[in-house]
Amino acid sequence: MRKILQLLCLLFYSITASNIEELYLKEGIGAVKDKIEANLKSYDFWQKYLKNKDVKFGYYSSKTTIITVSKKQKKMISYSYADGVLSKNFSHDVITGKDGDKKVEGDLKTPVGVYDIVKRFTPPSNYYGPVAFELSYPNLLDKLSKKSGSGIWIHGLPMTGKRTNDYNTRGCVAFENDSLLEFAKIIGKSGVVMIAEGDLNLANSDDIASVLSSIFTWKDAWERNDINSYLKFYADDFIRFDGMSVANFKQMKSRIFSKNELKRIGFSNISITPYPNSKNQKIFKVSFYEDYDAPSYKFKGQKELYVRVENGKTKIIIEE
């Protein structure tokens, strides 16, 4: 709630320069709302908003734990992110799987990408240490890239028997048990995990401002049933979560937009995470809570996009 109030204050501050009271008296509260919506679509507004915020590991509306893993450097670092401030709270050497991005079940490689901690649990065997954290591999991008496998964890070393640096993690991330228990106390049960082969693909305010202004412009076109503007945000290689091609997706959306229904769409709790990848593309995982209300369809829940930024333009490559 505090984060939302801060954003609203900044929005109203930017409107005040244009005499918000006069705008309200002349045209009513609807005009004020329109001005706020215009700001949210503005790259310049987001550049101003992000000034002095640390967004190298992305932008998050609410307090978030960010965990970075470099397979090459064999290093894991945990940060607390709150209102644009990153605070390092844990660092440790780790053991990871074989070099290269995970592609198939049994290749013993640790995947490269962005994953959520989906579960904290006591492992079924003391081979994995005293506690473990399950990651969301394969994510949507992995599945549509035809990657296979499962059971990627952050865990400890065998509680009995030999413990060596050549311990086979089978694609997981592992380290000493005493330090693992310290890590578990710090992060609790959730976090965003960024795994890179080498150095992380860091974000900057230009890219984050481009993504934020684009998703609100995309939302505006969606609400107004402006099919041409809406479809411009989809890449030529776009694919929907269920495998629908971009051509079929465009045909489907054209039919829906032709109904010209009055829609109300709200986005909140936005997170934008730079996505490490072997192609060194500027890919971001974008998630937010969507509140969609139209006569023929209503939805409240998490929305997930994968977007690519090229030459300052944001394009959606995957949507769920």
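I'll start with Ser 70: setting aside neighbours within four places in sequence, Ser 70 is in contact with Lys 75, Ala 196, Glu 197 and Gly 198, where contact means heavy atoms within 4.5 Å. This is a predicted model, so local features need pLDDT of at least 70 and side-chain atom pairs count only at pLDDT 80 or more, while totals for chains, interfaces and linings use all residues. Residues are numbered from 1 along each chain as its sequence is written, and side-chain values use heavy atoms, with hydrogens and water left out.

Ser 70 lies in strand 2, residues 64–70. Strands here are DSSP runs of E, at least two residues, and helices are runs of H or I, at least four, numbered from the N terminus. Is Ser 70 buried or exposed? Ser 70 counts as buried because its relative accessibility is 6%; buried means under 20% relative accessible area, exposed over 50%, partly exposed in between, with a 1.4 Å probe and protein chains only.

Now the whole protein. There are nine helices and 14 strands, and 52% of the 320 residues count as buried.

Next, the cores. A nonpolar core is a set of buried Ala, Val, Leu, Ile, Met, Phe, Trp, Tyr and Cys residues joined through side-chain atoms within 4.5 Å. The largest has 82 residues, and Tyr 59, Phe 183, Trp 218 and Tyr 230 have the most contacts inside it. Helix 7, residues 205–223, gives the largest share of this core, nine residues. A second, separate core has five residues, including Phe 121, Tyr 128, Trp 153 and Cys 172.

Last, Trp 218. Beyond four places in sequence, its contacts include Tyr 230, Phe 267, Lys 303 and Glu 319.
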